[in-house]
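Work through the exercises below with the sequence and the model open. Try each task before reading its solution.

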Amino acid sequence: MNIYTHPLPAHSNVQYLPLHLKELLLTYLARYRLIGLTLDQLQDLLAESNDNATGDPSDRIRTNIKHLDLSHSIGSSLSCDELDRAFAFTSLTHLCLANPGTKISWSSLLTLSRNQPDLTHLSLAYWPMASPSPEDSDRVSATLQSLSSLSSTLTKLQYLDLEGCSEWISILLSDQNHRIDWSGEWKHVQCLNLSQGPMPIAISLEGGQAMENWIQGEVVARQVGDNIDNVRKCVGKLDVPPVRLEHGWSPDNFMIKFLVDRAYERSRMEGSSHATATDAPTGRFRGPGL
């Protein structure tokens, strides 16, 4: 069976699988089944063998799943609204909504998040900016307002994945960034993934425009981390630690580290940033469901 394109069976016996195997199966499908899962397929996967369903379409499936990976599904084959209406997640802590389709909706995400206050890990990798609304006249304001609303509902969040969002990540340096309370509602965010995604193939001192753009993206990511840390330092709370950034590359890579450090120090000298440069940590959280 070609898992990339072959339809999944309409009904199967997967409801009899233990919960941890369902989580692993969903992660496997999210990684390799690039056409996503439909609502019917997800309901079949998450249904419990002892469900006392009444047959009413309005019934929500209660599930104790903790890690839910819906990469490539949200905004294409499945919507946040459908997810919110169809399921009652009682134990969900890890939610991956990476690589969304073109029908993605930040407002639907906000509705979904209000019913998931216990989330500690959230992936919005490769999400575009939010569309303007009557309250926000431009996409920058709309995106910052959406993130601010998320921070108000997801106060237990510890890990936020914004990989591939480099097109708009610089808005976290804008004067409007005060809408996001990094020292209050999001004080528990310990790790922020700002990886730009695939790295330019040619890595050299004379690397061309693509490489220069990539390096500038790394500088902006460091500046975002510095900005969050400065906000937290100003508050002076001992229980609010510095944020740890993930860049998607190892500081052991001497060439990349040299190029990024040099560009970052240059930006500091030019007054673009006034914080002390720190080395990026290695790795990325890729546990079940993320």
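The model is predicted: local features need pLDDT of at least 70, side-chain atom pairs count only at pLDDT 80 or more, and totals for chains, interfaces and linings use all residues. Residues are numbered from 1 along each chain as its sequence is written, and side-chain values use heavy atoms, with hydrogens and water left out.

**Exercise 1. Describe how helices α6 and α7 pack.**

Step 1. Locate the helices: α6 spans residues 208-235 and α7 spans residues 254-269. Helices (H or I, at least four residues) and strands (E, at least two) are DSSP runs, numbered from the N terminus.

Step 2. Two packed helices are described by the angle between their axes and the distance between the axes. For α6 and α7 the angle is about 65° and the axes are 9 Å apart. Axes are lines fitted to C-alpha atoms, for helices over the stretch in contact, and angles run from 0 to 180 degrees between N-to-C directions.

Step 3. List residues in contact (heavy atoms within 4.5 Å). On the α6 side they include Met-211, Trp-214, Ile-215 and Arg-222, and on the α7 side they include Ile-256, Leu-259, Val-260 and Tyr-264. By class, the contact of α6 with α7 has nine nonpolar, two polar and four charged residues.

**Exercise 2. Where is the charged end of Arg-222 placed, and is Arg-222 buried or exposed?**

Step 1. Arg-222 belongs to helix α6, and its charged end sits over the ring of Tyr-264, 5.2 Å from the ring centre. The rule is that NZ of Lys or CZ of Arg is within 6 Å of the ring centre and within 35 degrees of the ring normal.

Step 2. Arg-222 has 4% relative accessibility and so counts as buried (buried is under 20% relative accessible area, exposed over 50%, partly exposed in between, with a 1.4 Å probe and protein chains only).

Step 3. Along the chain, Arg-222 and Glu-246 are 24 residues apart, and their C-alpha atoms are separated by 9.9 Å.

**Exercise 3. Classify the ring pairs Tyr-28 with Tyr-32 and Phe-87 with Phe-89.**

Step 1. State the rule: rings of Phe, Tyr and Trp (its six-membered ring) pair if their centres lie within 6.5 Å; planes under 30 degrees apart count as stacked, over 60 as edge-to-face and the rest as tilted. The count by this rule is seven aromatic pairs.

Step 2. Tyr-28 and Tyr-32 are 4.9 Å apart centre to centre with 50° between the planes, a tilted pair. The two lie about one helical turn apart because they are four residues apart in helix α1 (residues 19-32). Tyr-28 is partly exposed at 42%, as is Tyr-32 at 33%.

Step 3. Phe-87 and Phe-89 are stacked, with 5.5 Å between centres and 25° between planes. Phe-87 is buried at 1%, and Phe-89 is buried at 10%.

**Exercise 4. Which residues outside its sequence neighbourhood does Leu-162 contact?**

Step 1. Leu-162 lies in the loop between β6 (159-161) and β7 (191-193), and is buried with a relative accessible area of 3%.

Step 2. Leaving aside neighbours within four places in sequence, the contacts of Leu-162 are Leu-124, Trp-168, Ile-169, Leu-192, Asn-193, Leu-194 and Ser-195.

Step 3. Ser-195 is 33 residues from Leu-162 in sequence and 7.3 Å away, C-alpha to C-alpha. Trp-168 is also in a cluster with Trp-106 and Trp-127, linked by ring pairs.

Conventions
Nonpolar A, V, L, I, M, F, W, Y, C, P; charged D, E, K, R; others polar.
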